[in-house]
Amino acid sequence: MSGATADKSRSGPAMDSFADGWERQGREDVAAAVADVRSLGRDAFLEAGFPASGEEAWKYTSLRKLARRKFSHGAPCPVPDAAELDRQLISDVGDSRLVFINGGYTPELSNIESSEQCSITPLAECLADADTLAAVGQLARPAEQRFAALNQSFLRDGVVIRTTAGEDEPHVVY
């Protein structure tokens with residue numbers, strides 16, 4: 001990747017708005033482990049920047065318009081009415097429904113059905129569990145996946161899904 005391409009992928013309105021969001025996050029009171037996960041994502045995204053068309057995996061996808069766009073972070077978003085949400089969902093897909101609005105888990109619209117084979121717990125309820133926190137942000141490989149890194153850099157909430165090893169019957173979450 002040329003120096004000019006690398007510089008463009010790390011500057012512009014989108015990157016400026018991400019920097020604003022990261023600065024605001026620095027003032028939030030969050031668990032140290034969440035702050036660490038955010039920092040890892042932020043650092044990985046800042047190192048890599050937006051993918052450029054000169055990169056093999058992105059050669060047919062231009063992200064220039066996306067990089068020129070300004071984003072807002074943490075802006076209040078109206079919570080839809082539960083009945084309206086139910087009308088828009090695919091019926092009979094599974095037992096559990098996890099709803100996230102602007103990156104935040106929305107328990108009042110979610111339905112968690114745990115079983116012996118699968119348990120689903122809001123991340124906020126797992127913050128005292130060192131093993132769970134050590135695993136947060138590890139599956140997406142932020143150093144290799146730029147948008148996973150960007151997403152991780154704005155982590156606010158999530159869910160922890162645990163399955164029984166060797167379990168054949170799927171537990172659908174939508």
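The largest nonpolar core in this predicted model is built from eleven residues: Ala 14, Met 15, Phe 18, Trp 22, Ala 44, Phe 45, Phe 50, Ala 67, Ala 149, Leu 150 and Phe 154. H2 puts in the largest share, with four residues. There is also a second, separate core of seven residues, and Val 34, Val 37, Val 136 and Leu 155 are among them.

Just after H3 comes Gly 49, with a positive phi of about 70°.

Now for the charged pairs: the model has five salt bridges. One of them joins Arg 146 to Glu 55, with the closest N and O atoms 2.5 Å apart. Arg 146 sits in helix H7 and Glu 55 in the loop between H3 and H4, so this pair ties together parts that are 91 residues apart in sequence. Arg 146 counts as buried because its relative accessibility is 17%, and Glu 55 is buried as well, at 18%.

Asp 20 and Lys 70 form another salt bridge, where the closest N and O atoms are 3.8 Å apart. Here too the pair links distant parts of the chain, 50 residues apart: Asp 20 is in helix H2, while Lys 70 is in the loop between helix H4 (64-67) and helix H5 (82-88). Asp 20 is partly exposed at 36% relative accessibility, and Lys 70 is exposed at 55%.

Glu 84 and Arg 87 also meet in a salt bridge, at 2.5 Å from N to O. These two are three residues apart in helix H5, so about one helical turn separates them. An α-helix has 3.6 residues a turn, so residues three or four places apart point the same way. Glu 84 is partly exposed at 32%, whereas Arg 87 is exposed at 59%.

Stepping back, the protein chain has seven helices and four strands, running α-α-α-α-α-β-β-β-α-α-β from the N terminus on. Of its 174 residues, 31% are buried.

Note on methods. Residues numbered from 1 in each chain as written. Predicted model: local features only at pLDDT ≥ 70, side-chain atom pairs only at ≥ 80, totals over all residues. Heavy atoms only, no water. Core = buried A, V, L, I, M, F, W, Y, C linked by side-chain atoms within 4.5 Å. Buried < 20%, exposed > 50% of the residue type's maximum accessible area, 1.4 Å probe, protein only. Salt bridge = Lys/Arg side-chain N within 4 Å of Asp/Glu carboxyl O.
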